[in-house]
Amino acid sequence: MEKVNEDTLAAARKVIAVHINYPSRAAQRGRTPGQPSYFLKPSSSLAVSGSTVERPAGCELLGYEGEIALIIGKPARRVGLEDAWSHVAAITASNDLGVYDLRYADKGSNLRSKGGDGFTPVGPGLIAADMLDPAGLRIRTWHNGTLVQDDTTGDLLFPFARLVADLSQLLTLQEGDIILTGTPAGASVATPGDVLEVEVGTVDGSLTTGRLVTRVEEGTTPFAAFGAGPQADDLQREEAYGSREAAGLPTVEDAGAGAAVGPVLSPELKAKLESVCTATLSSQLRKRGLNNVSIDGLTATRPEKRVVGLARTLRYVPNREDLFKIHGGGFNAQKKAIDSVNEGEILVMEARGEKGTGTIGDILALRAQVRGAAAIITDGGVRDFSAVAAMEMPTYYSNPHPAVLGRRHIPWDTDITIACGGTTVQPGDIIVADSDGILVIPPVLAEEVADESIVQEREETFIAEMVEQGHSVDGLYPMNAAWRRKYEEWEREWEAGRSND
């Protein structure tokens with residue numbers, strides 16, 4: 001097998017990179033392009049396997065992205081899809097490195113952020129294009145020996161031949177030019193001392209490029225004062241690491257009015273809400289003008305449990321076969337939601353009340369339980385019902401159904417405002433569920449609603465005792481002035497009894 005060498009790098013007059021091409025990456029980014037888009041990397045960014053790359057001085061976010069690189073073998077200008085692959089001589093592994101700290105200065109070009117010396121290592125081996133099926137390749141990336149990216153080219157948004165043909169419509173691809181074909185989910189951030197490895201091969205393992213090795217070191221020369229310097233913020237951290245959770249950022253985002261970043265459900269508030277029933281909470285919400293805050297028509301696998309947690313949201317849209325091919329496979333929005341739900345959170349799904357297919361099954365429900373989810377709520381169907389119902393974690397559902405979600409649904413988006421069971425749910429809303437039903441409580445009202453509900457249930461305890469003793473409900477429920485005085489006396493005795501315990 002031929003190796004990538006300095007001659008290979010010198011032959012590359014241009015390096016073209018694709019923004020998003022793997023469904024898993026599109027789901028992670030929350031956007032799926034309809035057409036491919038590109039950016040240029042300078043040929044001076046190329047390096048061979050075993051090279052060292054600097055994280056520039058003052059930068060925090062050196063991102064890595066394992067990719068498959070195409071090496072153009074003969075000029076391509078206005079070629080068709082059927083002829084495009086014949087213009088590719090070979091493939092190899094590549095690592096599309098870049099510093100997110102400089103993205104703000106690039107205005108979308110990626111020149112400074114991804115054009116640094118050594119920011120495009122390629123190699124080590126070249127696999128002849130005529131020896132392989134471009135739809136049958138596997139790409140893997142290791143970060144300090146841990147496998148972090150593992151995907152195949154079977155369901156790319158834009159197959160390799162399409163990239164070659166599309167680019168050739170406007171510009172001539174010349175012999176030696178390199179096309180970076182996109183990265184799957186799992187790309188993240190490297191720090192000085194880290195070792196990155198990328199390998200490309202056939203799915204059956206018969207051909208491989210070998211591992212492309214790059215070592216990261218700390219740059220020591222600061223940026224000059226006359227140019228843009230590095231800047232990192234939480235948005236760039238989220239993009240660089242792949243998710244807010246991976247970046248160590250709060251995972252409940254502000255989705256609009258009423259939602260808040262950070263822990264809005266303190267242990268004290270949670271305990272208060274767990275101490276009262278949804279019937280009481282519902283009456284207190286009604287007093288504040290909120291009537292449409294219940295998720296209706298669902299059944300619980302564990303009706304004896306009272307559940308309190310913060311909402312995470314997932315939306316399905318009606319299945320359309322062409323869109324399912326783009327959004328349904330790989331690390332789709334459903335898997336992203338399941339794999340990012342945190343301890344004590346409740347995943348709420350918008351399935352439009354569609355009962356003709358499942359929206360969750362035993363494996364993904366188990367994953368949510370392992371991650372510590374407090375519950376799953378869906379206004380659609382549940383597959384593998386016996387296994388899901390046997391779990392400790394409650395699931396609230398419309399009905400059992402054996403079909404996979406692709407029959408009626410496309411998993412579309414996460415952590416957005418949704419509709420479920422006839423009401424609106426936002427990320428960060430507080431969900432309370434028990435045998436009476438499921439309520440959605442705006443965080444801004446939760447503390448006062450909980451306190452007033454505790455008071456209401458104490459009053460109702462007194463009323464129930466009086467009714468049990470034989471008193472009429474007339475004037476007692478609700479209490480008139482005379483009964484109110486008796487209640488206040490009862491309450492003082494109750495408080496005194498508590499203080500003596």
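**A walk through the chain**

What you're looking at is a predicted model, where local features need pLDDT of at least 70, side-chain atom pairs count only at pLDDT 80 or more, and totals for chains, interfaces and linings use all residues. Residues are numbered from 1 along each chain as its sequence is written, and side-chain values use heavy atoms, with hydrogens and water left out.

Start with the overall picture. Along its principal axes, the C-alpha trace spans about 100 × 55 × 35 Å. Of the 501 residues, 51% are buried, meaning under 20% relative accessible area with a 1.4 Å probe, protein chains only. Take the contacts (heavy atoms within 4.5 Å) with a separation of 6 or more: 77% of them join residues 24 or more positions apart.

Now for the cysteines. C59 is buried at 5% relative accessible area, and C420 is buried at 0%. The disulfide count is 0, going by a rule that asks for a pair of cysteine sulfur atoms within 2.5 Å.

Finally, zoom in on N332, which sits in the loop between α10 (321-327) and α11 (333-340). With 4% relative accessibility, N332 counts as buried. A polar atom of its side chain lies 3.1 Å from the backbone nitrogen of Q334 and one lies 2.9 Å from the backbone nitrogen of K335. Leaving out residues up to four places away in sequence, N332 touches A27, H327 and P411.

Conventions: Buried means under 20% relative accessible area, exposed over 50%, partly exposed in between (1.4 Å probe, protein chains only). Helices (H or I, at least four residues) and strands (E, at least two) are DSSP runs, numbered from the N terminus. A polar contact is a pair of N or O atoms within 3.5 Å; within protein, one must be able to donate a hydrogen and the other to accept it, and residues adjacent in sequence count only if both atoms are side-chain atoms.
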